Amino acid sequence: MDTKAFKRTLQQSDHYHRKGFGQTEEAMGMMNTEYQSSLIQEIRQNNYRLQRGNVTILLAEAFGFCWGVERAVAMAYETRKHFPQERIWITNELIHHPSVNQRLQEMDVKFIEVINGKKDFSVVEEKDVVILPAFGASVQEMSLLNDKSCTIVDTTCPWVSKVWNSVEKHKKRNYTSIIHGKYRHEETVATSSFAGTYLIVLNLEQANYVCNYIINGGNKEEFLAKFKNAYSEGFNPDTDLEKVGIANQTTMLKSETEQIGKLFEKTMLNKYGPATLNEHFMSFNTICDATQERQDAMLELVNEKIDLMVVIGGFNSSNTTHLQEIPVYQGITSYHIDHGNRIKANNCIEHKPLGKELEIKENWLPDGQIVVGVTSGASTPDIIVEAVIEKIFETKNLGFSQELIKSS
Ligand code: SF4
């Protein structure tokens, strides 16, 4: 399919909307009422610091809702207002936080069900409205919805579209897109659907493997087994790695994306020499500002004297997981939770350690004076962060009274 031409045609169609319906202010007002927090506002104004009793909270200087998420949620609210009677569907979670998705369900916005690993679009009818989430949708899904002539409201973040434009450029010049991302993540699925030949690398270790193959060759079968599900149909590492362009899932660890880009550039330079580097390597800066700012703020926060970190965000949120990696790699105790309810009575927390399933940690808050660093992913509302901070205070007060009881 000529994906570029398809997108152009879709964007000209009168059943496709990507700019809202002129009720943005009202929608933003609703969002502010539902998701903003006066406590978080107070902490922001107090230089991102709050002390209560023996607890000091240090908030990252960039955290929470990014503008791409705000825009997507506002557009979804607007869509509900604009189409009060129509059935409204979302092709996937609008963003990766359960509270926001639950709120949309309360507004009778339905999610396309996944049956046996496949989305069931058979429920969508011509008079329905379908919202595409902030991280986009694959070109095949868009095409299917276009064929159904339903109304499409596209909330894809412009930063994600920028990556799609990059892979279109790779495709046009017959470069293989090396996509730094997770092959199952919806955004990467969408990005790869716009690419020609592509290979998805998860991390620096995988990138090193590919670069070593480019320089020294290797076992093709082993290569294809290692990257199973992460390359385009018919991909051949012996012939498809002569010209590469770099692209990324916008929420990956920024430093890793940069390292991967530099590694491929160096590899192509070594193999082909400086005179023809541009014929073998192509890169555009597509790291999203919001991801960058949140990760930079986290890097600053872990330089402070903190006893532990709490990272708040959906467990399937890629940008939150990458925020969690920063303190973990620095040896700082860090708890990833999605909601204040994960903080239980008796100083217990149910959290998700990096790369593992949920587990319970007892006595997670130390006795006495503590400094807790707090941040949240780009799809987490401030009101959720407030609930977590209040739970921390609550737990410490209980701990405090227990200490008193013990010593009396
Ligand atoms: S994290 Fe970046 S790319 Fe993702 S929705 Fe937010 S602004 Fe857009």
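Tutor: Start with helix α11, residues 254-272: its 19 residues should span 27 Å at 1.5 Å a residue, and the end C-alpha atoms are 27 Å apart, so the two agree. The expected span is 1.5 Å times one less than the number of residues, and helices here are DSSP runs (H or I, at least four residues), numbered from the N terminus.

Student: Is this a real or predicted model, and how are residues numbered?
Tutor: This is a predicted model, where local features need pLDDT of at least 70, side-chain atom pairs count only at pLDDT 80 or more, and totals for chains, interfaces and linings use all residues. Residues are numbered from 1 along each chain as its sequence is written.

Student: Which residues in α11 are buried?
Tutor: K254, T257, I260, G261, F264, T267 and M268. Buried means 20 or more other C-beta atoms, placed from the backbone, within 10 Å of a residue's own.

Student: Where do they sit around the axis?
Tutor: They cover an arc of only 160°, which puts them on the same side of α11. The arc is taken from the directions from helix axis to C-beta atoms.

Student: And what comes just after α11?
Tutor: G273, with a positive phi of about 85°.

Student: New topic: which residues come nearest the ligand?
Tutor: Of the 15 around it, C66, G68, C157, W159 and C288. Near means a C-beta atom, placed from the backbone, within 6 Å.

Student: Which helix gives the largest share of that shell?
Tutor: α4, with three residues.

Technical notes: Helix = DSSP H or I, 4+ residues; strand = E, 2+ residues; numbered from the N terminus. Buried ≥ 20, exposed ≤ 12 C-beta atoms within 10 Å, placed from the backbone.
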